Amino acid sequence: MGSRDGILEPGTYFMRGNDACVEGALIAGCRFFGGYPITPSNEISALMARKLPLIGGVFIQFEDEIASIMGVIGAANAGVKSMTATSGPGFSLMQEAIGLAYMIETPIVIVNVQRGGPSTGLPTQVGQGDFLQTHYGSHGDYMTIVYLPNSPQEMFDMIIKAFNAAWTYRVPTILLSDQMVGHMIERVVIPSLEDILVVDRVKPDVDPEKYLPFDSKYLVPPMAVAGEGYRVHLTGLAHDERGYPTTNPETVSKQYERMAEKIRRNEDRIIEWEEYLTHDAELIIVAFGITSRSALKAVKDARRLGYRVGLFRLKTGWPFPWKPLTRLAEQGCRFLVVEINAGQVVRIVREYIPNELVYHLPWHPGSVPPPEIILKKIREVFNG
Amino acid sequence: MSREILITPSIDEIKSLMRVERLPHIWCPSCGIGIVAKAYVEAVLRSSIPLDKHVIVSGIGCSSRMPGYIKLDGYHVIHGRAIPFSVGLKSVNPELEVTIFAGDGDLITIGGNHFIHSIRRNDDINVIMINNYIYGMTGGQYGGTTPPGSRTLTSPYGHLEHNFNMPLLAATLGAPYVARWTVLHYRQIVDTLLEMFNVDGFAFLEVISPCIVYTDMNRMESIEFMRDLRRRVVIDNDADLSDLSISMDPDTRIVVGKFVNRESESFQTRYYRLIKKLGGDLDG
Ligand SMILES: Cc1ncc(C[n+]2csc(CCOP(=O)(O)OP(=O)(O)O)c2C)c(N)n1
């Protein structure tokens with residue numbers, strides 16, 4: 001194990017997804033974790049509780065998920081990289097605070113290891129029903145960055161990306177995993193630290209009297225934190241460049257526009273996806289997370305049977321990689337969206353691709369649609 | 001020991017710590033929140049802690065607008081959640097002196113769960129609850145501190161529920177520092193705040209304050225409310241805390257004072273000792 005059992009040494013490990021997520025977070029610089037127990041995310045808080053104090057970090061198990069995320073937002077405003085981990089019911093409780101983090105432009109990372117919803121649903125079993133919630137769960141319009149891992153390796157890689165994105169854009173960032181990916185044990189390669197990009201906050205370089213926390217000359221204003229002498233005023237109310245509440249329509253629009261633009265204009269830099277055999281495909285399966293692994297098998301099986309099928313795997317949910325998807329549409333193919341919910345990703349795909357070209361295989365939570373079922377659907381599409 | 005300044009700061013010094021560009025403030029005529037704001041600013045100026053290390057946090061409500069007028073690092077977060085936000089701040093930077101201003105609705109009604117657990121954990125934060133018996137900002141609904149019998153927007157026939165006895169609650173949960181004053185006790189509030197800054201743990205102060213929304217609905221002038229407070233208030237640091245309930249009955253006493261000040265070690269102190277013991281590298 002690593003130095004003093006804290007940060008893991010580079011090497012090849014056999015590791016559970018949830019544990020890989022902790023190792024990645026610590027390498028990314030996470031030094032505060034606030035959480036509340038919930039299956040299937042519990043391995044994350046357990047490992048955080050053991051490791052954080054070994055490397056000078058703080059772990060708190062709070063009284064609920066609202067407190068957990070508020071603690072995380074507080075710690076981030078003291079300049080410390082912070083995260084929480086939860087699942088459906090806890091993620092629902094966090095929604096109001098996610099809006100706050102967006103509004104006061106606080107970088108936070110939330111891991112949602114999805115289980116089957118709604119309500120208590122299927123606590124120990126897989127689901128993908130929180131996809132839309134990661135962007136639309138809180139009231140009002142707001143932006144998030146969402147990563148969609150499909151393996152323990154990606155739990156490691158993407159939690160680092162999530163921290164980097166959160167601290168680059170000052171926006172709540174979510175690692176949307178699921179019970180299977182979280183609990184799966186697989187090979188995880190941890191590169192040497194020099195090979196891992198870790199992004200820190202841009203600090204203000206002006207005198208405190210000149211500092212504007214929401215200076216609109218930047219897309220992402222430099223971030224002052226508590227105790228540094230900048231004497232910031234941050235509020236969840238609509239505010240001006242100084243952070244003071246305002247109802248002035250022009251000021252409000254200007255700030256709201258900047259906050260959305262900082263993500264929109266960097267969309268090409270943020271989005272991630274993966275394509276498999278799409279170049280000549282007549283039908284492209286769109287999937288994410290655990291479902292993409294079943295879909296991959298279905299694509300391989302379909303190819304063996306002579307069907308020209310490919311896979312488009314979403315690696316970020318938000319921003320949604322609509323540009324590469326529409327590029328593929330130009331080659332004249334059709335799409336089949338497979339997901340463990342009643343129809344969430346498919347709605348977004350249909351925003352960009354004509355309805356008649358988009359097929360859907362919805363699936364109730366509790367299991368992953370098996371490759372045979374996906375293959376059956378592929379045949380149906382081909383054979384009309 | 002602390003080296004507090006004993007002299008009252010000048011009005012210019014007070015102003016230097018106010019965001020004067022934000023005036024006029026939103027508080028109604030006869031509201032008591034401004035008095036607490038000034039007392040806090042005076043205490044901060046007199047405290048031995050550097051100004052840049054004082055942080056002020058609040059939820060949502062009239063009382064929670066306090067950080068907006070004070071030139072310190074200030075965070076106006078969401079309703080009822082100032083405590084966990086402050087716990088995050090304080091836990092990763094123990095140098096900060098974090099003070100929360102909250103309305104009674106914010107702190108103990110919607111935020112009640114955080115209040116009890118933060119005291120149990122003994123977080124090193126200062127919590128000032130401005131008790132105006134009501135949800136002021138939303139127009140005067142009853143909350144966890146509304147005295148039985150009070151008329152409010154949502155108890156038009158008189159309130160049927162009991163109210164929390166806040167000093168008793170805080171003390172019972174184990175808070176190391178507990179006090180109660182009214183807005184008539186400016187000096188005592190300053191003095192109490194200076195003591196609270198030195199507590200390693202959860203320091204709680206309740207300040208009873210008039211709200212014109214409440215007084216109007218209960219057919220009182222605000223000034224009468226103040227006179228009534230003056231008449232009914234008894235300072236008793238050694239009071240039996242179970243006698244501290246606030247009633248509508250004008251013949252009952254309102255007991256104020258510094259009730260609890262006991263040795264304490266906060267969660268944060270304990271956690272950093274653990275880090276040290278484990279050999280945790282703070283820059284790791
Ligand atoms: C989650 C949520 N629920 C309700 C509200 C509406 N709201 C704003 S202020 C307030 C109560 C304020 O009362 P109190 O905390 O006692 O403070 P006061 O205004 O009396 O100082 C409420 C309920 C809100 N902002 N957020």
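The model is predicted: local features need pLDDT of at least 70, side-chain atom pairs count only at pLDDT 80 or more, and totals for chains, interfaces and linings use all residues. Residues are numbered from 1 along each chain as its sequence is written, chains are lettered from A in the order in which they are written, and side-chain values use heavy atoms, with hydrogens and water left out.

I begin with a helix pair in chain B. Helices here are DSSP runs of H or I with at least four residues, and strands are runs of E with at least two, numbered from the N terminus. The axes of helix 5 (residues 112-121) and helix 6 (residues 166-173) of chain B come within 8 Å and cross at roughly 40 degrees. Helix 5 of chain B is therefore oblique to helix 6 of chain B; angles under 35 degrees count as roughly parallel, over 145 as roughly antiparallel, 65 to 115 as roughly perpendicular and the rest as oblique. The axes are lines fitted to C-alpha atoms over the stretch in contact, with angles from 0 to 180 degrees between N-to-C directions. On the helix 5 side, Phe115(B), Ile116(B), Ile119(B) and Arg120(B) meet Met166(B), Leu169(B), Ala170(B) and Leu173(B) of helix 6. Contact means heavy atoms within 4.5 Å.

I turn to chain A. Leu283(A) lies in strand 12 (residues 283-287) and is buried, with a relative accessible area of 1%. Buried means under 20% relative accessible area, exposed over 50%, and partly exposed in between, with a 1.4 Å probe and protein chains only.

Next, the backbone. Two peptide bonds are cis: Thr39(A) to Pro40(A), with omega near 5 degrees, and Gly117(A) to Pro118(A), with omega near -5 degrees. Glu105(A) has a positive phi near 50 degrees and is buried at 0% relative accessibility. Arg219(B) has a positive phi near 55 degrees, but is exposed at 64%.

Finally, how many disulfides are there over all chains? The count is zero, a disulfide being a pair of cysteine sulfur atoms within 2.5 Å. For Cys62(B), the closest cysteine sulfur, in Cys28(B), is 6.4 Å away, too far for a bond.
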